[in-house]
Amino acid sequence: MSSTFDFTLETTAGAARAGRFTTPHGVVQSPAFMAVGTLATVKALDPDDLRAMDAQMILANAYHLHLRPGDELVRELGGLHEFMQWDGPILTDSGGFQVFSLEGLRTVDEDGVDFRSHLDGSLRRFTPESVMRIERNLGADVIMQFDHVIPGQSDAARARDASERSIRWLVRCARAFDELDRSDPIPHRAAQALFPIVQGGIHTELRHEAARTIRELGDWKGYGIGGLSVGEAKPDMYRILEEVDAELPADRPRYLMGVGFPEDLVEGVRRGVDLFDCVAPTRMGRNGAAFTVEGRLNIKRAEFRTDRRPLDPECGCAACTRFSRAYLRHLFLADEILGLRLLSLHNVHFLVSLMQQARRALLGGTFDAWSDGWLRRYHSRTLPASV
RNA sequence: GGUGGGGUGGCCGAGUGGCUAAUGGCAGCAGACUGUAAAUCUGCCGGGUUAACGCCCUACGAAGGUUCGAAUCCUUCCCCCACCA
């Protein structure tokens, strides 16, 4: 019998783990991939699609939902779960990533961040306290702290500055989170867990310091690993994961934020990551790229003009079980909306299913062989003419 | 039959003496995308040759002419559109 936000470790293989993370809206069987639904929708997909592929948890974004439609409105309408009709677990990102991605539209100071709204140019102030209020209003199961994300190649001085600020902001987030918990009753609200985020760029010592400091600051229900897949080299990302893995408590879920591509998920699981999220499957799906067990393919390529095969011969998704590459290519060239929906569906299914396979291999005791074989095949790129 | 407008690269459409193998857009071809300012962005896009720079060829309805030089000016012809009869 597990209580809310417990994480039960079921088995390990080296650093890799399989577990069960209990949330107010259900249990997340890990490792798991979470689809990104920034604006309270996983772009082009219906919640029914996500349920059908057994997706377990999804994301939404505090910055974007604060600007539109407004977190107060979402709260008034019953919270995110009710609003978007997804009754499974939800995690909200804080807007920390927008500090990075909207660099030209914001200024950071010690107290918080001024954003120039990308929608109407208005000035919007985000602080750890205001972000906690926003995320509380949205009502996700897991909410992320407000952090300071910087480019992956940043030097140690800059990485230290951002990492230490993120930790100071974490302390403020935790205080505001507790305060809201006492003073702000929301009738329909279930419990929330606040996750801290380990920063520190590609600098080993900084990562160790950040992880240790955060761990000493509280008994967190889980840990975000941030500031990766933001421009650094892949070997750096993998190395940092190994460094961070050693510093985090084994009985808490680790969430690698913003990652990633299929190979990154497998590499991440090997290094102790339990949860992932990424816009890649939906964005790339909308842009015509599809994941397959033998690498990526671009469905718009002329070579698929008469190809009767499904995107991925081994995929059981609603696109692969019905439609040919030739048809999907036609949909893209004709700019038909079904095409990008089907590729989004396939790609999300691919990553969700990939993590289910990893989990089965872990539980079955065959993870090392499975992951070796999977990576070898994915990188073999035997698809015709793929470069 | 008359008057006026027009024929430009696969399509649409700028250009009205040299900086034009010819702006743009579309189509086509290829690439990128990692806590989503993204159904977006980037590159190529007459032919031949070259790793590339470049060089050669063919091109602005057709033929001829003017000019050092023409898609741009002149002549004739062909075709399309509008209006008049």
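Which helices and strands each supply at least two residues of the surface near RNA strand B? Before I answer, please note that this is a predicted model. The elements in question are the strands β5 (58-61) and β15 (275-278), together with the helices α5 (96-101), α11 (280-286) and α13 (337-364).

I shall stay with that surface for a moment. RNA strand B is surrounded by 51 residues, and the closest are V149, S229, G258, G260 and V279.

The largest nonpolar core contains 111 residues, of which F33, M34, I58, F276 and V348 touch the most other members. Helix α13 provides the largest share of this core, with 13 residues. As a general remark, nonpolar side chains in soluble globular proteins tend to be buried together.

Setting aside its neighbours within four places in sequence, M34 is in contact with M57, I58 and L59, with L91, and with L275, F276 and D277. Among these partners, I58 and F276 are themselves listed with M34 as core residues that touch the most other members.

Finally, I come to G37, which is found in the loop between β4 (32-36) and α1 (47-52). Beyond its neighbours within four places in sequence, G37 is in contact with V42, I58, L59 and A60. By contrast, I186 lies 149 residues from G37 along the chain, and their C-alpha atoms are separated by 23 Å.

Note on methods
Residues are numbered from 1 along each chain as its sequence is written. Chains are lettered from A and ligands numbered from 1 in the order in which they are written. This is a predicted model: local features need pLDDT of at least 70, side-chain atom pairs count only at pLDDT 80 or more; totals for chains, interfaces and linings use all residues. Helices (H or I, at least four residues) and strands (E, at least two) are DSSP runs, numbered from the N terminus. Two residues are in contact if their C-beta atoms, placed from the backbone, lie within 7 Å. A residue is near a molecule or strand if its C-beta atom, placed from the backbone, lies within 6 Å of it. A nonpolar core is a set of buried Ala, Val, Leu, Ile, Met, Phe, Trp, Tyr and Cys residues joined through C-beta atoms within 7 Å. A residue is buried if 20 or more other C-beta atoms lie within 10 Å of its own, exposed if 12 or fewer, and partly exposed in between; C-beta atoms are placed from the backbone.
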